[in-house]
Amino acid sequence: MKILFFGTKSYDREFFDATWKEKVYQDIHIDYVDTLLIPDTAKLANGYDAVCAFVNMDLSAPAIETLAECGVRLILMRCAGFNNVDLEKTKEKGITVMRVPGYSPEAVAEHAMALALTANRHTHKSYVRVRENDFSLGGLMGVVLHGRTAGIVGTGKIGAAMARICHGFGMKVIAYDMYKNPSLDFAEYVDLDTLLAESDLISLHCPLTEETYHMIHTETIRKMKTGVILVNTSRGGLIKTDDLIRGIREGKFFAVGLDVYEEENKNVYEDRSDAILEHSTVARLLNFPNVMVTSHQGFFAKEALEAISSVTMENALAFMQGKKNGNEVE
């Protein structure tokens, strides 16, 4: 099997090369390109059996059409999400899609809490000040999380990990999910309106679907407490950005921590330091002193990268051997 890895960075190659050297994968040949997989670049896969893509790539119908013409039979997503893949078109073309359903949930959950703490206590601003010998405290006051209420939206593996962290901080944990997680015996499950109204910290941990798209919008923001802390490490599309910005301007949020945002595809994992983001919603968000934004790095921990490379290669091997391992996207 020949696999073309799109949009790879040095760290991708490091971890995948280490996994690929294992003897079990000796019949798999892999090549890397820096280019993102989008409709215009899909033709680079000509002659390959499979492609490996990430969450920031465009696997819409035109891209799938080209991949099929190139002879690609397998799309390996080196991530959990697959909302950027046109699954109707892959089924039509007979292309299998496989993903990595779990890779260190704690890595993402710990980053979510890091965002909450950073935005709350303004440590990013303090760090910059102290480097300039400015030791003043004005504008750096935060709130104590101990004893407050954490609302966890989505209690799968990552949401459950975040719930445990919040519980460890001495917070009351309430949760919203269609399915209760039996391991969270300390959490109280409530409806979404109750969670929005009672939470001092709201952390989003649900997939992006038609039902969850823009679940955070003007009306749901109005139901939140004034002074709430909002964190999103799941998918940018969960939040309607213009409504979020309006809420920030109106003083609804004490702090906001975002690892994902609607406009991230053009920027994520790229150096845009020389660019002028004239009409960028990201630039607008960065203007607020109580907003902390990172570049979709919640997964970016050694243990997670090891798991991603290992499971992705296992997926390729299972497909090559005609086996199903449960990681197929149906």
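Which helices each supply at least two residues of the lining of the largest pocket? They are α4 (105–121) and α6 (157–168), helices here being DSSP runs of H or I with at least four residues, strands being runs of E with at least two, and both being numbered from the N terminus. The views below come from a predicted model, in which local features need pLDDT of at least 70 and side-chain atom pairs count only at pLDDT 80 or more, while totals for chains, interfaces and linings use all residues. Residues are numbered from 1 along each chain as its sequence is written, and side-chain values use heavy atoms, with hydrogens and water left out.

View 1. A pocket is an open set of points on a 1 Å grid over the protein atoms alone, where a 1.4 Å probe fits, with protein on both sides within 12 Å along at least five of seven lines, and its lining residues have an atom within 4 Å of a point. Of the 44 lining residues, His205, Cys206, Pro207, Leu208 and Ser234 are the closest to the centre. Helix α6 gives the most to the lining, with three residues.

**View 2. Histidine 167 in helix α6.** With 40% relative accessibility, histidine 167 counts as partly exposed, a class that lies between buried (under 20% relative accessible area) and exposed (over 50%), for a 1.4 Å probe and protein chains only. Histidine 167 and methionine 178 are 11 residues apart in sequence, yet their C-alpha atoms are 21 Å apart in space.

**View 3. An aromatic cluster of Tyr11, Phe54, Phe299 and Phe300.** Rings of Phe, Tyr and Trp (its six-membered ring) pair if their centres lie within 6.5 Å, and planes under 30 degrees apart count as stacked, over 60 as edge-to-face and the rest as tilted. The count by this rule is five aromatic pairs. Phenylalanine 299 and phenylalanine 300 form an edge-to-face pair, at 5.7 Å centre to centre and with 65° between the planes. Phenylalanine 299 is buried at 7% relative accessibility, whereas phenylalanine 300 is partly exposed at 42%.

**View 4. Lysine 2 over the ring of tyrosine 48.** The charged end of lysine 2 lies 4.8 Å from the centre of this ring, where sitting over a ring requires NZ of Lys or CZ of Arg within 6 Å of the ring centre and within 35 degrees of the ring normal.
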